[in-house]
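Please look through the sequence and the model shown below.

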Amino acid sequence: MKNVLIIGGGLAGCTAARELSSAGIHCCIVEQSRDIGGKVRNYGCKSDSKCNNCGLCAVGSLWDDIREDANVRMLCSASVIDLSQADGEFCVLIQTESGKIEERFTEIIVAAGFQDVAQTAGAGYDSSDFPRVCTGNALELLMKERSIDSLFPEQPDSIAFIMCYGSRTRKERAAYCSQVCCAYSTRAAKVIKQYYPGTEVVFFYMDLQAVNPGNYAEELAARGIRFERCRPAEISFEGDYPIVAYEDAEGKKQKRFDYLFLNTGIHPDLAQNTALADLTGLKVERSGFLGYVSEPLETGVYLAGCSRFPMGILDTIASARNTASILINGEARGSNWEHKGGVQ
């Protein structure tokens with residue numbers, strides 16, 4: 001009888017657990033945090049006057065479903081510290097709050113997610129020292145905690161977004177597109193303009209994804225959102241207020257803003273992924289994400305979600321469902337399990 005270990009209790013891990021449970025398969029989620037849900041628990045809906053298709057609604061009642069599921073065990077504040085194979089099973093040593101326990105599993109799904117942005121690109125702008133500079137996580141919290149009639153303590157005159165902050169160059173450890181930054185930031189900008197139509201909103205960008213069907217850039221411009229195609233050279237401050245120095249076709253310029261959002265992407269947790277690769281026989285790709293050495297049906301070790309490469313909410317759900325389907329049926333739903341997503 002199958003008994004599956006799921007490493008990571010975020011969106012991918014919990015989605016996989018629910019899929020396995022629906023097939024009558026028992027599983028155990030090992031989650032380092034004190035509760036399941038991962039980073040998605042702090043994401044906010046980005047609807048303005050209408051739904052902007054951010055995907056958050058697709059999460060639905062997932063967390064409650066997992067807590068109430070008799071086929072799913074949860075070990076929070078826990079981590080896998082050793083793993084071996086014997087008699088066709090995995091013998092796993094797990095560190096819990098109350099001590100070490102040893103369990104046996106038939107398969108393993110690694111769904112450990114990605115690194116917290118506070119440890120990566122945005123670390124130089126702590127919110128206590130730079131209250132008007134925010135990373136992607138802070139932007140998500142702003143969307144989540146907004147009231148009916150306000151987002152900020154006061155109406156801002158101007159807001160800047162810097163795209164691809166901490167990515168797209170090897171120097172910043174992420175020479176790839178994170179797939180999610182254009183989507184969450186432009187949707188959030190539409191929300192800001194809904195609350196404050198007179199606020200100037202400027203994007204400093206190199207490339208822009210077409211997030212929704214049609215001419216997405218034209219739709220944003222129609223709302224008064226301006227785009228400057230350049231990479232800002234420097235961020236300085238006038239008191240708490242950020243000043244962005246940049247260069248366009250007319251030459252060097254600088255502008256002060258009330259708030260500055262650094263559109264941080266998805267970074268692999270290299271230390272965590274290296275440890276997981278050593279334990280499970282997976283490999284660390286050149287990008288820092290995890291990859292397969294052999295097919296999971298041969299090894300019994302599967303990957304789901306952003307452990308593999310950057311994904312948005314809907315792609316993460318699809319990835320976890322596909323992984324569960326491979327494990328249950330020996331085949332994926334629709335897409336090849338070897339698909340590499342946005343990491344080149």
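**A guided reading of the model**

Leaving aside its neighbours within four places in sequence, valine 110 is in contact (heavy atoms within 4.5 Å) with Ile7, Leu276, Thr280, Leu282, Leu290, Val301, Tyr302, Leu303, Ala304 and Ser307. The model is predicted, so local features need pLDDT of at least 70 and side-chain atom pairs count only at pLDDT 80 or more, while totals for chains, interfaces and linings use all residues. Residues are numbered from 1 along each chain as its sequence is written, and side-chain values use heavy atoms, with hydrogens and water left out.

The protein has 344 residues, of which 53% are buried; buried means under 20% relative accessible area, exposed over 50%, and partly exposed in between, with a 1.4 Å probe and protein chains only. Its accessible surface is about 15,900 Å², and carbon and sulfur atoms account for 46% of that area; such areas come from the Shrake-Rupley method with a 1.4 Å probe, and for residues only the protein chains shown count as cover. The protein contains eight helices and 18 strands. These elements are DSSP runs numbered from the N terminus, helices being H or I with at least four residues and strands E with at least two. Of the contacts between residues at least 6 apart in sequence, 65% join residues at least 24 apart.

Valine 110 also belongs to the largest nonpolar core, which has 90 residues; Ile109, Val110 and Phe261 have the most contacts inside it. The largest share of this core, nine residues, is supplied by H4. Val133, Phe204, Ile235 and Val244 are among the members of a second, separate core of 13 residues. A nonpolar core here is a set of buried Ala, Val, Leu, Ile, Met, Phe, Trp, Tyr and Cys residues joined through side-chain atoms within 4.5 Å.

Leucine 276 counts as buried because its relative accessibility is 8%. Not counting residues up to four places away in sequence, leucine 276 touches Ile7, Val110, Ala112, Gly281 and Leu290. Leucine 276 and alanine 112 are 164 residues apart in sequence, yet their C-alpha atoms are 9.1 Å apart in space.

Attention now turns to a sheet. Five strands form an open sheet with parallel pairing in the order E8-E15-E9-E10-E11. E8 and strand E11 (225-229) are the edge strands, each pairing on one side only. Two strands pair if DSSP finds at least two bridges between them. E8 and E15 run parallel and are joined by two bridges, with valine 133 opposite leucine 260 in E15. E9 and E15 pair in the parallel sense over five bridges, and leucine 260 in E15 is the bridge partner of alanine 160. Five bridges also join E9 to strand E10 (residues 200-205), again in parallel; there, serine 158 has glutamate 200 in E10 as its bridge partner.

How many of the six residues of E15 are buried? Six of the six are buried, so E15 is largely enclosed by the rest of the structure. In a regular strand the side chains alternate between the two faces of the sheet. In E15, Tyr259, Phe261 and Asn263 lie on one side and Leu260, Leu262 and Thr264 on the other, and both faces are covered.

Helix H3 (residues 136-145) has Gly136, Leu139, Glu140, Leu142 and Met143 as buried residues. They lie on the same side of H3, because they cover an arc of only 155 degrees around the axis, the arc being that of the directions from the helix axis to the C-beta atoms. These buried residues pack against strand E8 (133-134), strand E9 (158-165), helix H4 (181-195) and strand E15 (259-264).

Lysine 190 lies in helix H4 and counts as buried, because its relative accessibility is 0%. Leaving aside neighbours within four places in sequence, lysine 190 is in contact with Asp48, Lys50, Asn52, Asn212, Tyr216, Glu219, Leu220, Arg223 and Ile225.

The structure holds zero disulfides, a disulfide being a pair of cysteine sulfur atoms within 2.5 Å. The sulfur of cysteine 54 has its closest cysteine sulfur in cysteine 45, at 5.1 Å, which is too far for a bond. Cysteine 54 is buried, at 17% relative accessibility. For cysteine 57 the closest cysteine sulfur is also in cysteine 45, 5.5 Å away and too far for a bond. Cysteine 57 is exposed, with a relative accessible area of 69%.
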